[in-house]
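Here are a few notes from my pass through this one. Have the structure open while you read.

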Amino acid sequence: MPGQNGIELGVSIRKYDQGGHIVYLTASPDYAVDSYRTRASDYLLKPLDRRSLFRSLDGILENLTRKRQDFVTIKAKDGLRRLPIHRVICGELVRRCVHYHLAGGSVIEGMSLRGAFQDAVEPLLAHRRFVLCATSFCVNLSFVEMIDSSGLRLAGGRVLPVSRALRAEVTRRWLDYHLEGGI
């Protein structure tokens, strides 16, 4: 590629699209390790074996199908909304409303609560990637980069509180989630 190699292009793509699938098809194994920086779905070598290509594409299709099926329906101020689970960073109780923080920076404001916060976010908590971390926060474990004395450090730098009563459970769930490959 003139001016930019495939790895550089992949890094550029990741700046704008975290979820897209990248498959490298090349004659050289020289950049295979570098492809990890782009979170490539696959790195295939020429001459291309049809079975390898179809196995790679089938895996991508299976992943996309699974992601498409993982939605949660919430009651928002502007009506019912379907949110893709993999994009919800956290749910936060703000003045008797649940605010759903999404990857990309948008926030969806839920309806005023009539019951407990935990009941309102139960559709999220039904997915193993979510955990209640405080009386007014639930978090998507795939966005938690670190747990320390100040709380849960999320991708992007935000820190969420963890109640003392829930700290051991949140830590155990976070470790289990990531040790099992974040599925």
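1. Start with leucine 83. Skipping its neighbours within four places in sequence, leucine 83 is in contact with Asp70, Phe71, Val72, Ile74, Val88, Tyr100, Leu102 and Ile108. Bear in mind that this is a predicted model.

2. As background, nonpolar side chains in soluble globular proteins tend to be buried together.

3. Have a look at alanine 76 too, in strand β3 (residues 71–76). Alanine 76 counts as buried because its relative accessibility is 3%, against a cut-off of under 20%. Not counting residues up to four places away in sequence, alanine 76 touches Arg81, Ile108, Glu109, Gly110 and Met111. Between alanine 76 and histidine 99 the C-alpha to C-alpha distance is 9.1 Å, with the two 23 residues apart in sequence.

4. Now helix α1 (residues 6–16): which of its residues are buried? Ile7, Gly10 and Arg14 are. Looking down the axis of α1, the buried residues fall within an arc of 55°, so they line one face of the helix. An α-helix has 3.6 residues a turn, so residues three or four places apart point the same way. β1 (23–26) is part of what covers the buried residues of α1, while Lys15 and Tyr16 are exposed on the other side.

Key:
Residues are numbered from 1 along each chain as its sequence is written. This is a predicted model: local features need pLDDT of at least 70, side-chain atom pairs count only at pLDDT 80 or more; totals for chains, interfaces and linings use all residues. Side-chain values use heavy atoms; hydrogens and water are left out. Buried means under 20% relative accessible area, exposed over 50%, partly exposed in between (1.4 Å probe, protein chains only). Helices (H or I, at least four residues) and strands (E, at least two) are DSSP runs, numbered from the N terminus. The arc is that of the directions from the helix axis to the C-beta atoms. Contact means heavy atoms within 4.5 Å.
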